[in-house]
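Hello,

Here is the structure I said I would pass on. My notes on what was found in it follow below.

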Amino acid sequence: MLEPSDFYDLVSGRKRGVVATGMRVGLRAAEVLYATGVQFRNRRYDAQRAEITKVAAPVVSVGNLTLGGTGKTPMVKWIARHLRARDLRVAILSRGYGAEEGAKNDEALELEQSLPDVPHLQSPDRVAIATAAIEELESQVLVLDDGFQHRRLARDLDIVLLDATQPFGFDHVFPRGTLREPAKNLHRAGVVCLSRANLATDAERAAIRQRANKLAPDAAWCEVAHAPATLLNSSGSEQPLDTLRGAKVFGFCGIGNPGAFRKTLEAAGADIVGWRELADHHNYTADDVHQLAAAATESGAKMAICTQKDMVKLRAPMLGAVPLWSVVVEIEFLEGEDAMVAALAKLPIAAE
């Protein structure tokens, strides 16, 4: 199986040679079949041949066009906090991808840790949990996590994140690229938000915005950085981010865009002496922990660093003899915060 970074090298064209070219030809054939199925499904919803259920509270969807991490969880946290600051009862709904039977997945555990006053319901049947959130929890606003492709639940606002490091999935639908659906479907968005915008040049950001405006001319625009805020360990202790500067670090993660996490560590000044990538939503075993501990020790690292999503599953203060910390990431608006606030202010929230 390809590591995530190897897959990105392949579909982006960075990996060259006869074998890589042949693999891309095969993936292109599979892409045609996948994209045809996706577009058939979307046409059924567009033509109202597939049922779309409207529930009795406004729904805000946070999603993306591409596979992997675009920073949806930090955006969900920001939106939930913004709505809670307006004294609104908020619930977060998600499919629970990657969770074992009866367990919460990594996003749920991270959101529970960060938003203790916001309930998070998980189920593949998001219409059912939306109804439960309204009727049983008296929620006034629902935030649908990773909901752009989940069209069975009607939404009042679609927020779509484009990752500045790979905004349009290398212009191919999976498996030839990383698009979940053709880029033209961005027209359904009410807000388009460029995430990790600080990792792109001004010229790159302008080019992405120009293309997004053509695809979704009526959508509001914003740009955010995923700013590392602090270091957090399994016991809840914090250290300042500056602790990473010059430190010998063993980094690892099981997320959709591991390269972006590595860039975060590098930008914080970490000296990355060891690195491991695991599958997105990876469920850690005792053997995984043993292997990571051995690799961290062998690298000579003084700290082991992972994402908050990894930490909430590991729940360990050490990797062997190496202290284990996670990076807490928060949203920082670079442009368009007023546009986002205005879009949320237009939600049709019933008066009490």
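D87 lies in the loop between α3 (72-85) and β2 (90-94); helices (H or I, at least four residues) and strands (E, at least two) are DSSP runs, numbered from the N terminus. Please note that this is a predicted model, in which local features need pLDDT of at least 70, side-chain atom pairs count only at pLDDT 80 or more, and totals for chains, interfaces and linings use all residues. Residues are numbered from 1 along each chain as its sequence is written, and side-chain values use heavy atoms, with hydrogens and water left out.

Backbone

Most residues other than glycine have a negative phi, and most peptide bonds are trans. D87 is not a glycine, yet its phi is positive, at about 60 degrees. D87 counts as exposed because its relative accessibility is 65%. The cut-offs are these: buried means under 20% relative accessible area, exposed over 50%, and partly exposed in between, with a 1.4 Å probe and protein chains only.

R315 is not a glycine either and has a positive phi of about 50 degrees. R315 is in the loop between α9 (308-314) and β12 (318-319), and with a relative accessible area of 57% R315 is exposed.

The peptide bond between F174 and P175 is cis, with omega about 5 degrees. P175 belongs to the loop between β5 and β6.

Charges and contacts

K184 is in the loop between β5 (157-163) and β6 (191-195). Its relative accessible area is 52%, so K184 is exposed. Together with R43, R44 and R49, K184 forms a positive surface patch. A patch is made of residues with over 30% relative accessible area and no salt bridge, with like charges joined within 9 Å and nonpolar side chains (Val, Leu, Ile, Met, Phe, Trp, Tyr) within 5 Å. A salt bridge is a side-chain nitrogen of Lys or Arg within 4 Å of a carboxyl oxygen of Asp or Glu.

R196 sits in the loop between β6 and α6 (202-215). R196 counts as buried because its relative accessibility is 11%. Its side chain makes a polar contact with the side chain of D163, at 2.5 Å. A polar contact is a pair of N or O atoms within 3.5 Å; within protein, one must be able to donate a hydrogen and the other to accept it, and residues adjacent in sequence count only if both atoms are side-chain atoms.

T201 is also in the loop between β6 and α6. T201 is partly exposed, at 44% relative accessible area. Its C-alpha atom is separated by 35 Å from that of L292, 91 residues apart along the chain.

Regards

Conventions
Accessible areas come from the Shrake-Rupley method with a 1.4 Å probe; for residues, only the protein chains shown count as cover. Lys and Arg count as positive and Asp and Glu as negative; His and the chain ends are not counted. The place of a charge is taken as NZ of Lys, CZ of Arg, CG of Asp or CD of Glu.
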